[in-house]
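Hi everyone, thanks for coming.

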Amino acid sequence: MAGEKAATLPRRTYEKELLRLQTELVKLQEWVRAEGARLVVIFEGRDAAGKGGTIKRVAEHLNPRVARIVALPKPTERERTQWYFQRYIEHLPAAGEIVLFDRSWYNRAGVEHVMDFCTKEEHQLFLRQCPIFERMLVEDGILLRKYWFSVSDDVQQERFRQRLEDPTKRWKLSPMDLESITRWEAYSRAKDEMLVHTDIAEAPWYVVESDDKRRARLNMIAHLLSTVPYHEVPPPVLDLPPRPPSTGYVRPPRDLQTYVPDHAASL
C-alpha cells in the first residue's frame, strides 16, 4: 500500500525490469513518430525527490530528435512581462515528438509561491488559468501526463547530505534547495493547494512514492506506458550492404594527426 515502506528492490531485479520497460519506451517512441502523436510528460516534486534520475532513465535509449528534455532556467526580464504560460508553449511538441518537462509551469504553484517570487494575485491567477490551459492542450490532442514525486523529509535530508559530500553531485545542490528544508510545511501546503485546483479529469496528477529510487523509476515508467494506447510499429527492413572493393585509397601517415594520449594504458 502507498505510504508503507517496502523491501529494497534488488539491483539485479531492478536492472532487468528497467531494461524491459526501456525497450517498451522505444516502441512507444516509434508509435508516437508513426502516428504523429504529441506526448508531454511533466515531472514535478520536491528537491531531491528523484525526478532527474527518472527522466534520465526514461530518455536513456530514446532518439533525442524525437524525445527531448526541457529544463528551463529562470525567466529573463522580457519573459517576466509575457503571459506566464507563454515561454512554455514554445517547447510543446509537434507531431511525432515527446517532451519531458523537468519542472514545468508548475513552478508558479511551488517555488515561486513559497519563495515569494510571484505575488499572491499571480499565484491565484495561475491556479485559475492552469486547468483551462491544460484542457486546451488535451482538447487539441496532446497526450498530457503529470507526475508528482513524493519524498519524505528524512530521505530528502539524507540525499542533500550525500550531494554535499559527493563532488560529482555537488552541482545539484543550490542555496534554494537548502532553503526548502526550512520551508517544508510551506511547500506541503502549496502542493496540497495545487492539487486541489489542477488535479482535473482531463489531466490528473499521479503521485510517485520516491523514497526508493529504483521502485519510483519502475513504477513511473510502467504507469506511463499503461496510459498510452501504443502498439509496436514494424521497423523498416534494412540490409547491410557489402563493403565495396578498394580503389587504391591510402591513409595519410598517423604522425600528421594529433591523437589524444592513451590514458587508459596507465590504469
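Let's start with helix H10, whose buried residues are Arg-214, Ala-216, Arg-217, Leu-218, Met-220, Ile-221, Leu-224 and Leu-225; buried means under 20% relative accessible area with a 1.4 Å probe, protein chains only. This is a predicted model, where local features need pLDDT of at least 70, side-chain atom pairs count only at pLDDT 80 or more, and totals for chains, interfaces and linings use all residues. Residues are numbered from 1 along each chain as its sequence is written, and side-chain values use heavy atoms, leaving out hydrogens and water.

Helices here are DSSP runs of H or I with at least four residues, and strands are runs of E with at least two, numbered from the N terminus. What do the buried residues of H10 pack against? They pack against helix H1 (11-35), strand S1 (38-45), helix H2 (51-59), strand S4 (143-150) and strand S5 (205-209).

Now take H2 with H10: they pack at an angle of about 50°, with axes 10 Å apart. The axes are lines fitted to C-alpha atoms over the stretch in contact, and angles run from 0 to 180 degrees between N-to-C directions. H2 and H10 are therefore oblique to each other, a word for angles left over once those under 35 degrees (roughly parallel), over 145 (roughly antiparallel) and 65 to 115 (roughly perpendicular) are taken out. Gly-53, Thr-54, Arg-57 and Val-58 of H2 make the contact with Arg-217, Met-220 and Ile-221 of H10, contact being heavy atoms within 4.5 Å.

Finally, helix H7 (residues 153-165) and helix H8 (residues 175-182) pack at about 150°, their axes 11 Å apart. H7 and H8 are therefore roughly antiparallel to each other.

Conventions: Buried means under 20% relative accessible area, exposed over 50%, partly exposed in between (1.4 Å probe, protein chains only).
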